[in-house]
Amino acid sequence: MRIILLGAPGAGKGTQAHALKEKGYAHLATGDLLRAAIQQQSRLGRQVQEAMAAGQLVSDDLIIALVKEQLQQMGQQPCLLDGFPRTLAQAEALTQAGIVVDWVIHLLVEQEEIIRRLSGRRVHQPSGRVYHLESHPPRIPNRDDVTGEPLTQRDDDREQTIRQRLQVYQAQTAPLIAYYQQQALHSELRYHTLDASQPAEAVRAQIGVLLNDK
Ligand code: AP5
């Protein structure tokens with residue numbers, strides 16, 4: 001089973017993917033892969049750092065190659081795609097590679113709530129665990145609940161960059177909504193939009209109902 005979590009920055013894709021890991025889903029998050037490459041100062045990391053810090057997308061060719069390689073390694077393990085596809089070209093590349101998607105779950109949240117979420121987000125970079133200063137604070141301020149290590153704020157979680165990312169989302173990613181709604185009419189693909197402005201547990205419960213795995 002392959003599930004695309006589609007939604008604007010801050011819609012809660014990563015939060016939901018982490019919650020679903022306990023159900024055996026692998027989590028393929030292109031943003032996390034790119035941030036790890038930057039951290040390692042690999043050639044890929046140097047190539048993408050500037051685009052990410054500016055809130056722009058990295059090139060389709062590069063990201064498509066990265067995702068194909070990851071999916072190949074995962075084989076038939078149920079998988080959540082978080083942050084991919086993000087353009088029509090990326091969606092077409094999946095189809096052309098014969099990679100079947102079973103579900104597209106669109107997490108819908110208003111812009112002002114997104115800005116609140118992202119400006120208050122803190123992350124534990126090694127594990128990808130995500131917190132929020134108000135709605136999901138760590139037990140000890142600025143420390144990861146599991147390891148006690150410090151939390152950080154992402155470079156692209158500053159208000160100006162968040163607004164840039166939202167513009168890029170509207171221009172380049174939002175067209176995927178109609179694309180997949182259309183595909184759902186003519187194939188086995190299932191598409192559903194969720195009100196993701198509810199608390200994370202309520203969103204998780206709704207996804208459970210959709211996937212039949214409460
Ligand atoms: P990426 O890392 O994918 O960022 P994004 O899509 O902008 O998504 P986010 O990680 O910001 O948000 P999220 O939806 O996962 O929200 P989260 O669960 O953390 O991409 C970063 C960059 O990499 C891109 O800008 C681009 O440059 C590049 N890139 C990545 N993929 C690419 C691709 N395919 N093609 C080209 N370039 C690519 O939640 C956010 C906050 O809200 C947290 O604090 C959380 O605690 C809180 N929260 C979550 N859910 C709720 C809730 N229900 N109620 C209250 N608070 C909540």
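**Reading a predicted fold, step by step**

Me: What does Gln41 count as, judged by relative accessibility?

Reply: The general idea is a scale: a residue is buried under 20% relative accessible area, exposed over 50%, and partly exposed in between, using a 1.4 Å probe and protein chains only. Gln41 has 45% relative accessibility, so it counts as partly exposed. Before we go on, this is a predicted model, in which local features need pLDDT of at least 70, side-chain atom pairs count only at pLDDT 80 or more, and totals for chains, interfaces and linings use all residues. Residues are numbered from 1 along each chain as its sequence is written, and side-chain values use heavy atoms, with hydrogens and water left out.

Me: Where does Gln41 lie, and what is its phi?

Reply: Helices (H or I, at least four residues) and strands (E, at least two) are DSSP runs, numbered from the N terminus. Gln41 lies in the loop between helix H2 (30–39) and helix H3 (43–53). Most residues other than glycine have a negative phi, and most peptide bonds are trans. Gln41 is not a glycine, yet its phi is positive, about 55 degrees. Asn142 has a positive phi too, about 60 degrees, and is not a glycine. Asn142 sits in the loop between strand S6 (129–132) and helix H7 (159–173), and it is partly exposed at 40% relative accessibility.

Me: Which residues does a cis peptide bond join here?

Reply: Phe84 and Pro85 are joined by one, with omega about -5 degrees. Pro85 belongs to the loop between strand S3 (79–82) and helix H5 (88–96).

Me: Which strands pair with S3, and in what sense?

Reply: Two strands pair if DSSP finds at least two bridges between them. Strand S1 (residues 2–7) pairs with S3 in the parallel sense over four bridges, and strand S2 (residues 26–29) likewise pairs with S3 in the parallel sense over four bridges.

Me: What does Val104 touch, leaving out residues up to four places away in sequence?

Reply: A contact means heavy atoms within 4.5 Å. Val104, in strand S4 (residues 103–108), touches Ile4, Leu6, Tyr180, Leu189, Arg190, Tyr191 and His192. Val104 is buried, with a relative accessible area of 0%. Tyr180 is 76 residues away along the chain, yet the two C-alpha atoms are separated by 7.3 Å.

Me: Is Gln16 buried or exposed?

Reply: Gln16 is buried, at 4% relative accessible area. It is part of helix H1 (residues 13–20). Leaving out residues up to four places away in sequence, Gln16 touches Leu107, Ala200, Val203, Arg204 and Ile207.

Me: How many helices and strands does the protein have?

Reply: There are nine helices and seven strands. The radius of gyration is taken over C-alpha atoms, and the globule rule is 2.2 Å times the number of residues to the power 0.38. Here the radius is 17 Å, close to the 17 Å the rule gives for 214 residues, so the protein is as compact as a globular protein of that length. Of the 214 residues, 47% count as buried. Among contacts with a separation of 6 or more, 69% are between residues 24 or more positions apart.
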